Amino acid sequence: MICWKCKEANQAPVCVSCGAIQPPMQKDFYAVFGIERRYFISEEEVEKAYRKLSRILHPDRWRSKPAIERRFSLQWTAFLNEARKTLLDSVTRARYLATGSVKPSEQSKTISQEFLQTIFNLQMDAMDRPAEVKLETEA
(Lines give C-alpha, C1' and ligand atoms only; values in the text may rest on other atoms or scores of the structure.)
Protein backbone atom coordinates (compact mmCIF):
# COMPACT_ATOMS: atom_id res chain seq x y z
CA MET A 1 0.00 0.00 0.00
CA ILE A 2 1.17 3.54 -0.72
CA CYS A 3 0.67 6.32 1.83
CA TRP A 4 -1.92 8.80 0.59
CA LYS A 5 0.02 11.72 2.07
CA CYS A 6 3.74 11.15 1.42
CA LYS A 7 3.46 8.49 -1.33
CA GLU A 8 5.89 6.14 0.45
CA ALA A 9 5.36 2.38 0.66
CA ASN A 10 3.57 1.48 3.87
CA GLN A 11 1.84 -1.59 5.33
CA ALA A 12 0.84 -0.21 8.74
CA PRO A 13 -2.34 1.66 9.78
CA VAL A 14 -0.13 4.71 10.44
CA CYS A 15 2.56 5.65 7.91
CA VAL A 16 6.04 5.09 9.31
CA SER A 17 7.44 7.88 7.11
CA CYS A 18 5.08 10.79 7.73
CA GLY A 19 2.87 9.58 10.62
CA ALA A 20 -0.40 9.97 8.70
CA ILE A 21 -3.21 7.56 9.47
CA GLN A 22 -4.08 5.39 6.48
CA PRO A 23 -7.54 4.40 5.27
CA PRO A 24 -8.65 0.97 6.47
CA MET A 25 -7.88 -1.20 3.45
CA GLN A 26 -7.55 -4.55 5.21
CA LYS A 27 -10.88 -6.36 5.31
CA ASP A 28 -9.82 -9.52 7.15
CA PHE A 29 -10.45 -9.29 10.91
CA TYR A 30 -7.85 -11.92 11.72
CA ALA A 31 -5.12 -10.25 9.66
CA VAL A 32 -5.76 -6.81 11.17
CA PHE A 33 -5.47 -8.21 14.68
CA GLY A 34 -2.50 -10.39 13.74
CA ILE A 35 -4.33 -13.53 14.85
CA GLU A 36 -4.05 -16.86 13.06
CA ARG A 37 -7.26 -17.71 11.20
CA ARG A 38 -8.89 -20.42 13.33
CA TYR A 39 -12.11 -21.04 15.24
CA PHE A 40 -10.70 -21.45 18.74
CA ILE A 41 -9.21 -18.15 19.83
CA SER A 42 -9.06 -16.76 23.32
CA GLU A 43 -10.91 -13.65 24.40
CA GLU A 44 -7.62 -12.42 25.84
CA GLU A 45 -5.93 -12.73 22.44
CA VAL A 46 -8.64 -10.66 20.74
CA GLU A 47 -8.78 -8.04 23.50
CA LYS A 48 -5.00 -7.59 23.54
CA ALA A 49 -4.85 -7.01 19.77
CA TYR A 50 -7.93 -4.75 19.87
CA ARG A 51 -6.51 -2.55 22.63
CA LYS A 52 -3.14 -2.26 20.94
CA LEU A 53 -4.69 -0.97 17.71
CA SER A 54 -7.30 1.14 19.49
CA ARG A 55 -4.59 3.06 21.34
CA ILE A 56 -3.01 3.99 18.02
CA LEU A 57 -6.15 4.64 15.97
CA HIS A 58 -8.64 6.08 18.46
CA PRO A 59 -10.29 9.33 17.26
CA ASP A 60 -9.07 11.24 20.34
CA ARG A 61 -5.49 10.84 19.13
CA TRP A 62 -6.39 12.39 15.77
CA ARG A 63 -8.71 15.24 16.90
CA SER A 64 -6.25 18.00 15.97
CA LYS A 65 -5.45 16.53 12.54
CA PRO A 66 -7.10 17.40 9.20
CA ALA A 67 -10.63 16.16 8.51
CA ILE A 68 -9.47 13.32 6.27
CA GLU A 69 -7.34 11.80 9.06
CA ARG A 70 -10.17 12.21 11.58
CA ARG A 71 -12.47 10.40 9.14
CA PHE A 72 -9.95 7.57 8.65
CA SER A 73 -9.68 7.25 12.43
CA LEU A 74 -13.46 6.92 12.74
CA GLN A 75 -13.50 4.32 9.96
CA TRP A 76 -10.75 2.36 11.68
CA THR A 77 -12.57 2.52 15.00
CA ALA A 78 -15.79 1.23 13.44
CA PHE A 79 -13.87 -1.56 11.70
CA LEU A 80 -12.01 -2.56 14.89
CA ASN A 81 -15.25 -2.60 16.88
CA GLU A 82 -16.93 -4.83 14.29
CA ALA A 83 -13.89 -7.14 14.17
CA ARG A 84 -13.77 -7.42 17.96
CA LYS A 85 -17.50 -8.10 18.23
CA THR A 86 -17.32 -10.73 15.49
CA LEU A 87 -14.31 -12.58 16.85
CA LEU A 88 -15.60 -12.64 20.42
CA ASP A 89 -18.95 -14.22 19.49
CA SER A 90 -18.55 -17.91 18.65
CA VAL A 91 -21.48 -18.18 16.21
CA THR A 92 -20.60 -14.98 14.35
CA ARG A 93 -16.94 -16.03 14.28
CA ALA A 94 -17.91 -19.40 12.78
CA ARG A 95 -20.06 -17.71 10.13
CA TYR A 96 -17.22 -15.31 9.35
CA LEU A 97 -14.73 -18.17 8.98
CA ALA A 98 -17.10 -20.15 6.80
CA THR A 99 -18.35 -17.36 4.56
CA GLY A 100 -16.01 -14.39 4.98
CA SER A 101 -18.98 -12.29 6.01
CA VAL A 102 -20.45 -11.29 9.33
CA LYS A 103 -24.00 -11.10 8.04
CA PRO A 104 -25.97 -13.99 6.57
CA SER A 105 -26.14 -13.92 2.79
CA GLU A 106 -29.20 -12.41 1.15
CA GLN A 107 -29.87 -15.65 -0.68
CA SER A 108 -30.34 -17.81 2.39
CA LYS A 109 -31.87 -16.24 5.45
CA THR A 110 -31.12 -19.21 7.71
CA ILE A 111 -28.01 -21.08 8.73
CA SER A 112 -27.95 -24.73 7.74
CA GLN A 113 -28.60 -27.28 10.47
CA GLU A 114 -25.35 -29.07 9.63
CA PHE A 115 -23.35 -25.90 10.22
CA LEU A 116 -25.07 -25.24 13.56
CA GLN A 117 -24.54 -28.85 14.62
CA THR A 118 -20.84 -28.65 13.79
CA ILE A 119 -20.44 -25.45 15.82
CA PHE A 120 -22.41 -26.96 18.70
CA ASN A 121 -20.20 -30.06 18.70
CA LEU A 122 -17.05 -27.94 18.64
CA GLN A 123 -18.26 -25.89 21.58
CA MET A 124 -19.24 -28.98 23.57
CA ASP A 125 -15.83 -30.55 22.90
CA ALA A 126 -14.14 -27.33 24.01
CA MET A 127 -16.15 -27.28 27.25
CA ASP A 128 -15.64 -30.99 28.01
CA ARG A 129 -11.94 -31.16 27.27
CA PRO A 130 -10.50 -27.66 26.83
CA ALA A 131 -6.81 -28.58 27.07
CA GLU A 132 -7.08 -31.33 24.45
CA VAL A 133 -9.10 -29.17 22.07
CA LYS A 134 -6.58 -26.35 22.40
CA LEU A 135 -3.76 -28.74 21.49
CA GLU A 136 -5.75 -29.99 18.48
CA THR A 137 -6.35 -26.47 17.18
CA GLU A 138 -2.73 -25.46 17.58
CA ALA A 139 -1.52 -28.52 15.68
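Me: Which residues do ring pairs link into a cluster?
Reply: A pair of aromatic rings is described by the distance of the centres and the angle of the planes. Rings of Phe, Tyr and Trp (its six-membered ring) pair if their centres lie within 6.5 Å; planes under 30 degrees apart count as stacked, over 60 as edge-to-face and the rest as tilted. Here, ring pairs join F29, Y30, W76, F79 and Y96 into a cluster. The model is predicted: local features need pLDDT of at least 70, side-chain atom pairs count only at pLDDT 80 or more, and totals for chains, interfaces and linings use all residues. Residues are numbered from 1 along each chain as its sequence is written, and side-chain values use heavy atoms, leaving out hydrogens and water.

Me: How many aromatic pairs does the structure hold?
Reply: The structure holds six aromatic pairs. In one of them, the ring centres of W4 and F72 are 5.9 Å apart and the planes stand at 75°, so this pair is edge-to-face. F72 is buried (under 20% relative accessible area; exposed is over 50%, partly exposed in between, with a 1.4 Å probe and protein chains only), at a value of 8%. W4 is partly exposed, at 27%.
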